[in-house]
Amino acid sequence: PDEALLKEVQAEFGLHDLAIEDAHQAHQRPKLERYGDSLFIALRTAQPDREQRRIAFGEPHLFVGARYVVSVRHGASLSYGDVRARCEAQPQLLAKGPSFVLHAIMDFVVDQYFPIVDGLEDDLEALEEDIFNERISRESTMRIYTLKRDLLEIKRGVSPLVDICNRLMRSDLDLIPDDARPYFRDVYDHAIRINEKAD
């Protein structure tokens, strides 16, 4: 969104100036910050870019309050249509409010990493086969560096999620009800698994 639209959203929901400033500019590291009675969460998305044969990274920024969740997306991002449909199909969980919506978005974002890491694992096996069969070329070297760069980007996107989920599971954030905390443990477990696969 442009600055004028963000200002309109800020006025509607009473969002903090510093959170709006962060949301206006991409290239935030994944983080969770508390501003009074709201949370600001920056995440990193990843999805395959088949045309470029690369991974496209994006950045959703989430504002969470007692009665709202607002997302601002930068870069590559899949539609949240499936997330919305899944939330609406579980009214008993949706009744938990914005914390359940936050969990659903975070779960969706984290789950997008699994096929990408699996694909990188396949690339690594093919690369190892080429190297062990002495088919080493300049292209092999480039593939090694591309793989390394992609893995580092994945680590930068997922590693902070472990800390973010830990904070969301603790009782000092009153915006997250006690009965919603176990759902963030699920996202935490997925983030740990992706980190281990990337390692």
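I take two strands to pair if DSSP finds at least two bridges between them. Helices (H or I, at least four residues) and strands (E, at least two) are DSSP runs, numbered from the N terminus.

I am working with a predicted model, in which local features need pLDDT of at least 70, side-chain atom pairs count only at pLDDT 80 or more, and totals for chains, interfaces and linings use all residues. Residues are numbered from 1 along each chain as its sequence is written, and side-chain values use heavy atoms, with hydrogens and water left out.

**Strand S2**

I looked up the partners of S2 first. S2 and strand S4 (residues 54–64) pair in the antiparallel sense over four bridges. Phe40 has Phe63 of S4 as its bridge partner.

Strand S1 (residues 31–35) also pairs with S2, antiparallel, over five bridges. Arg34 stands opposite Leu39 in S2. The S1–S2 hairpin has two residues between the strands, and Gly36 takes a positive phi near 60° there.

Next I checked burial (buried means under 20% relative accessible area, exposed over 50%, partly exposed in between; 1.4 Å probe, protein chains only). Five of the five residues of S2 (residues 38–42) are buried, so the strand is largely enclosed by the rest of the structure. In a regular strand the side chains alternate between the two faces of the sheet. I found both faces of S2 covered: Ser38, Phe40 and Ala42 are buried on one side, Leu39 and Ile41 on the other.

**Helix H5**

I then turned to H5 (residues 98–111), which has 14 residues. Twelve of the 14 are buried. Among them are Phe100, His103, Asp107 and Val110.

Note on methods:
Expected span 1.5 Å × (residues − 1).
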